[in-house]
Amino acid sequence: GPTLQTQKAAAPSAWMKYVSTLSELLGRVIATDEKGRALGNTQAFRAWHERTLRTGAQGGTTFLIGNGASASMASHIAADVAKGARLRTQVFTDLSLLTAVANDIAFDEVFATPLAWSMGAGDQLVAISSSGNSANIVRAIEVARERGGHVVTLSAMEEDNAIRNMGAINFYLPALTYGHAETTHAAILHYWVDHLLEARKQ
């Protein structure tokens, strides 16, 4: 078998390959509008940043949703935006609420139903989904749009996933694994947060 010295020599190569894959994926982020038209990443981030600040200035809320690791990401980023940029955010991670809606209505409604109660015109929804095909995410976006909300989506995997063109701004990257999708989505979200924090300092 391989010696310890051989393993040590191979490890950096495997790690750098992983880093290179993530870097390549981030370089291939595609931002589009609801009609699938390319926005250009600089323009898309600027529009997202400005819309978020405008939502906050008008007393609105930015809602963030996701499943699994994306749910943790939504909660993490919501906290960063609220604490650092002092903007109102909300996530639907309360265990009693989630299980009540899932049990009494349907799991597909765990985000849509609370959004229907809480979201107003001018509020913002940030929907994070690695596959882009989660039924509860799709339903939440539909409700947000019905209520006049501004929708931003982050997706990966298949190019024609369900939510890829459902938002006013849509970020897509061709990650094929959940690890790659989640890591690169986190980078996109932190880039957005960092710009909001810079605006707060000015």
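Modeller: Ala69, Met73, His76, Ile77, Asp80, Val81, Gly84 and Ala85 of helix 3 meet Glu182, His185, Ala186, Leu189, His190, Trp192, Val193, Leu196, Leu197 and Arg200 of helix 7, where contact means heavy atoms within 4.5 Å. Helices (H or I, at least four residues) and strands (E, at least two) are DSSP runs, numbered from the N terminus. This is a predicted model, in which local features need pLDDT of at least 70 and side-chain atom pairs count only at pLDDT 80 or more, while totals for chains, interfaces and linings use all residues. Residues are numbered from 1 along each chain as its sequence is written, and side-chain values use heavy atoms, with hydrogens and water left out.

Colleague: Is helix 3 roughly parallel or roughly antiparallel to helix 7?

Modeller: Helix 3 (residues 69–85) and helix 7 (residues 178–201) have axes 10 Å apart, at an angle of about 10°. Axes are lines fitted to C-alpha atoms, for helices over the stretch in contact, and angles run from 0 to 180 degrees between N-to-C directions. Angles under 35 degrees count as roughly parallel, over 145 as roughly antiparallel, 65 to 115 as roughly perpendicular and the rest as oblique. So helix 3 and helix 7 are roughly parallel.

Colleague: Which residues do ring pairs link into a cluster?

Modeller: Rings of Phe, Tyr and Trp (its six-membered ring) pair if their centres lie within 6.5 Å; planes under 30 degrees apart count as stacked, over 60 as edge-to-face and the rest as tilted. The structure holds seven aromatic pairs. The cluster consists of Phe45, Trp48, Phe171, Tyr191 and Trp192.

Colleague: Is Trp48 buried or exposed?

Modeller: Buried means under 20% relative accessible area, exposed over 50%, and partly exposed in between (1.4 Å probe, protein chains only). With a relative accessible area of 0%, Trp48 is buried.

Colleague: Which residue in strand 5 stands opposite Ile128?

Modeller: Two strands pair if DSSP finds at least two bridges between them. Strand 4 and strand 5 (residues 150–155) pair in the parallel sense over six bridges. Opposite Ile128 stands Leu154.
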